[in-house]
Amino acid sequence: MSKSITVLDYGSGNVRSVVRALERVGADVTLGSSAEDVLEADGLVVPGVGAFAAVMEGLKGVDALRMIGRRVAGGRPVLGICVGLQILFEAGVEHGVRTEGMGEWPGTVEPLRAPVVPHMGWNTVAPPEGTRLFAGIEAERFYFVHSYGVQEWDFDVTQPRMKAPMVTWAEHGGPFIAAVENGPLTATQFHPEKSGDAGAALLDNWLKGVG
């Protein structure tokens, strides 16, 4: 039986290609932002392109921050893509202006420290041992388009039963976070929907953990 997936529609671009990529791997996809669409689906995908602050405003406009929080608290799968990864961190700094994020993970989204930005094109990644998201595709290349990223990770596991998130890194002028796997919450800085067969395999790996 196919998994029901909602791609969150809040005014961000690129949503149609995400819908098509998920349909390619067998998901039953809805594009929407109603409470029923977001809360009842087996999985939720939060795409994001453009500026951190604009994406946060768009999400607030459809009450998505509260609904994403409810899904995560209930152990219901969520996948963030590109700025959809970035907004899960504490804050984003663009042009000297700091915008608060959702704060699911520690860290600040800042300009990449690289001689050439945006970082645009195919890149390898370095997944951790035991990754499910990159199972079978650890050595593949994925498609990135971004000028900002999280370049430091300092996660303090204060409760003995808590597992630290699994973090995948990539390099462009220096290391930055390419993906995070954290229980029901998963996110990629790259675009799986633009990453060909490797991206399809990654979405299929994510779908296997949904529902």
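Asp-204 is partly exposed, with a relative accessible area of 27%, in a scheme where buried means under 20%, exposed over 50% and partly exposed in between (1.4 Å probe, protein chains only). The side chain of Asp-204 forms a salt bridge with Lys-208, the closest N and O atoms lying 3.6 Å apart; the term denotes a side-chain nitrogen of Lys or Arg within 4 Å of a carboxyl oxygen of Asp or Glu. Lys-208 is exposed, at 61% relative accessible area. Both residues belong to helix 6 (residues 196–208), where a spacing of four residues amounts to about one turn of the helix. Helices (H or I, at least four residues) and strands (E, at least two) are DSSP runs, numbered from the N terminus.

The structure is a predicted model, in which local features need pLDDT of at least 70 and side-chain atom pairs count only at pLDDT 80 or more, while totals for chains, interfaces and linings use all residues. Residues are numbered from 1 along each chain as its sequence is written, and side-chain values use heavy atoms, with hydrogens and water left out.

Across the whole structure, a search finds six salt bridges. Side chains of opposite charge can pair when their charged atoms come close. One of these salt bridges links Glu-57 with Lys-60, with 3.8 Å between the closest N and O atoms. Because Glu-57 and Lys-60 are three residues apart in helix 3 (residues 52–61), about one helical turn separates them. Glu-57 counts as exposed at 51% relative accessibility, whereas Lys-60 is partly exposed at 46%. Another salt bridge brings together the side chains of Arg-98 and Glu-100, at 3.3 Å from N to O. In this pair, Glu-100 is partly exposed, with a relative accessible area of 49%.

Attention now turns to the strands. Strand 1 (residues 4–8) is mostly covered, with four of its five residues buried. Strand 1 pairs with strand 2 (residues 28–32) in the parallel sense over five bridges, pairing being assigned if DSSP finds at least two bridges between two strands. Within this arrangement, Ile-5 has Val-29 of strand 2 as its bridge partner.
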